[in-house]
Amino acid sequence: TGRQLINQDHFLSNEIKEKIRVLEQRKKLLDDTWENRRFIYEQNLDTQMFKREADLLENWIVSREPTLHDGKLGESIPQVEDFIRKHEDFEKTIQAQEDKFHALRRITLLERAFQKQQEAEMAARQAEKERVERERLEARKRKEVQRITDERRREGERRQGREQRPGPEHNGATELADTPRYSQDSDSISNLQKSSSISSLFGDRLNRKGRNATGL
């Protein structure tokens, strides 16, 4: 067989394996097709049997309708007794047909298959509805998580900004550190002003002495 050739490492093992795979697929397709066809045949047979039983009962009812629509009530005792006997026979016939009427209440294979199809469609719609609801909840959850993440990130940035900005104690220390420099600058300016005043004073004295010497 083909599998034996494959096990024996035949030089056409790959081709044989491919042929076997194709044949197995075709056989499965044939089996599935036949199973579906058999189910259709069974449904059709059941439907035809139901139709035959319904037709027989319908014909029986039609054949008895004239008796029910007969307006004769009898004009003599023997005739009335004959009508009563016929009516009793009719009731017995109805009771005999009762099982057949009950048999028509059964669900046929075709109806059962259609019912299963409806149930499958309803289940599929329910599953789709649940899937959409899950996606909506997941999207809402992701949005909420993103909002919390952004809020925490902004809070971290604000906290980092406050930590980097110097506080009042740092400003005071800076002012204290800068005070000697400002004082030193002020002292230098004052010394320069004093030096200028002294220079001006000596200059005025020298000028006066020079004028006095010239006058002499």
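In the predicted model, helix α2 (residues 13-69) packs against helix α5 (residues 109-164) at an angle of about 125°, and their axes lie 7 Å apart. Axes are lines fitted to C-alpha atoms over the stretch in contact, with angles from 0 to 180 degrees between N-to-C directions. The two helices α2 and α5 are therefore oblique to each other, a class left after angles under 35 degrees (roughly parallel), over 145 (roughly antiparallel) and 65 to 115 (roughly perpendicular). Contacts (heavy atoms within 4.5 Å) join Phe39, Glu42, Gln43, Asp46 and Thr47 of α2 to Leu109, Leu110 and Ala113 of α5. The residues of this contact comprise four nonpolar, two polar and two charged.

Of the contacts in the chain with a separation of 6 or more, 56% involve residues 24 or more positions apart.

The lining of the largest pocket is formed by Thr67, Leu68, Asp70, Gly71, Lys72, Leu73, Phe83, Lys86, His87 and Phe90. Helix α3 (77-96) supplies the largest share of this lining, four residues.

Residues are numbered from 1 along each chain as its sequence is written. Local features need pLDDT of at least 70 and side-chain atom pairs count only at pLDDT 80 or more, whereas totals for chains, interfaces and linings use all residues; side-chain values use heavy atoms, without hydrogens and water.

Key: Ala, Val, Leu, Ile, Met, Phe, Trp, Tyr, Cys and Pro count as nonpolar, Asp, Glu, Lys and Arg as charged, and the others, Gly among them, as polar. On a 1 Å grid over the protein atoms alone, a cavity is a set of points where a 1.4 Å probe fits but cannot get out, and a pocket is an open set with protein on both sides within 12 Å along at least five of seven lines; lining residues have an atom within 4 Å of a point.
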